[in-house]
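User: I have a model open here, and I would like to go through the terms used to describe it. Could you take me through them one by one?

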Amino acid sequence: MFSHLREDIQSVFDRDPAARTFWEVLTCYPGVHAMASHRLAHWLWTHRLRWFGRLVSHFGRFLTGIEIHPGAEIGRRLFIDHGMGVVIGETAVIGDDVTLYHGVTLGGTSWNKGRRHPTLENGVVVGAGAKVLGPITVGASAKVGSNAVVVKNVPAGATAVGNPARIIDPAQAQKREEMAGQLGFSAYALAADQDDPLAKAIHGLLDHAVEVDRRFALLLTRVEAAGVEVDGELLRSDPFDPQYLSKIVD
């Protein structure tokens with residue numbers, strides 16, 4: 001029990017730069033309190049003292065704002081940051097070193113008995129307000145974006161965003177970020193799978209700019225290989241106002 005508590009406190013220091021002292025984390029972090037409460041509730045539940053398990057779970061929710069069903073199976077070093085509004089269902093399974101932010105729901109989509117809640121494998125990170133629903137699996141080290149609604153399996157190491165959640169192509173996302181940096185535009189928090197049409201339009205422009213640059217570089221290479229001298233004017237980029245683009249998405 002105490003070894004788990006020490007690990008929970010250390011996980012706060014590892015993942016929250018705002019944590020200052022052992023005593024502060026022990027007394028003021030609801031995620032730590034919620035895990036201590038859940039371990040007792042889960043022990044009672046698995047020893048068929050289910051009313052007592054639900055009572056301890058209910059008291060833990062009252063104290064922390066985090067609702068964890070005593071039947072949920074949770075591994076080591078779960079970090080629940082802030083925590084208010086987190087809900088973890090009865091048949092949920094959570095691996096080691098998982099991070100959940102406030103407002104996360106690990107919920108079910110069926111009234112049938114049996115497995116109906118998600119499995120989060122080791123190292124998963126779930127952003128604020130995200131909903132992971134049904135007997136699905138989020139693979140090891142995967143990330144779920146804030147406010148995403150995940151109803152299908154997420155492969156290990158992938159990133160899922162949007163409603164319904166879709167997997168981001170990491171190579172394409174990297175190209176977009178590089179192009180945004182070249183243009184002097186901050187694309188922070190604009191994911192291609194968001195419902196916001198402006199976000200989709202911006203990403204469409206970035207994708208087009210990446211493709212135009214690729215074709216232009218290829219064309220210049222072939223022209224020079226053919227022995228044609230390239231005028232310096234061709235190498236200068238067109239005038240562009242990144243400040244204006246940043247303003248219209250603020």
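**Salt bridges, burial, sheet and core**

Analyst: Happy to! In a salt bridge, the side chain of R77 meets that of E7, with N to O at 3.4 Å. The two come from distant parts of the chain, 70 residues apart: R77 sits in the loop between β2 (73–74) and β3 (79–80), while E7 belongs to helix α1 (residues 2–15). Please keep in mind that this is a predicted model, where local features need pLDDT of at least 70, side-chain atom pairs count only at pLDDT 80 or more, and totals for chains, interfaces and linings use all residues. Residues are numbered from 1 along each chain as its sequence is written, and side-chain values use heavy atoms, with hydrogens and water left out.

User: What makes R77 and E7 a salt bridge?

Analyst: The term asks for a side-chain nitrogen of Lys or Arg within 4 Å of a carboxyl oxygen of Asp or Glu. R77 and E7 are 3.4 Å apart, N to O, so the pair qualifies. A search of the whole structure finds seven salt bridges.

User: Why does R20 count as exposed, and how is E24 classed?

Analyst: Relative accessible area decides: buried means under 20%, exposed over 50%, and partly exposed in between (1.4 Å probe, protein chains only). R20 has 66% relative accessibility, so R20 is exposed. E24, at 18%, counts as buried. R20 and E24 also form a salt bridge, their closest N and O atoms being 3.0 Å apart. Elsewhere, salt bridges that share partners join E7, R76, R77 and D97 into one network.

User: How do you know that R77 is partly exposed?

Analyst: R77 has a relative accessible area of 23%, so R77 is partly exposed. D97 is partly exposed too, at 32%.

User: Why are β1 and β13 said to stand at the edges?

Analyst: The open sheet has five strands in the order β1-β4-β7-β10-β13, with parallel pairing. β1 (67–68) and β13 (149–150) each have a single partner strand, so one side of each is left without a neighbour in the sheet. Strands here are DSSP runs (E, at least two residues), and helices are runs of H or I with at least four, numbered from the N terminus.

User: What makes β10 and β13 a pair?

Analyst: Two strands pair if DSSP finds at least two bridges between them. β10 (residues 131–133) and β13 have two bridges, so they pair, in the parallel sense. In one of these strands, β13, V149 is the bridge partner of K131.

User: What is meant by a nonpolar core?

Analyst: The name describes a set of buried Ala, Val, Leu, Ile, Met, Phe, Trp, Tyr and Cys residues joined through side-chain atoms within 4.5 Å. The largest one has 30 residues, and I68, I88, I94, L100, L120 and V126 touch the most other members. Apart from it lies another core of seven residues, including A19, V25, V32 and F79.
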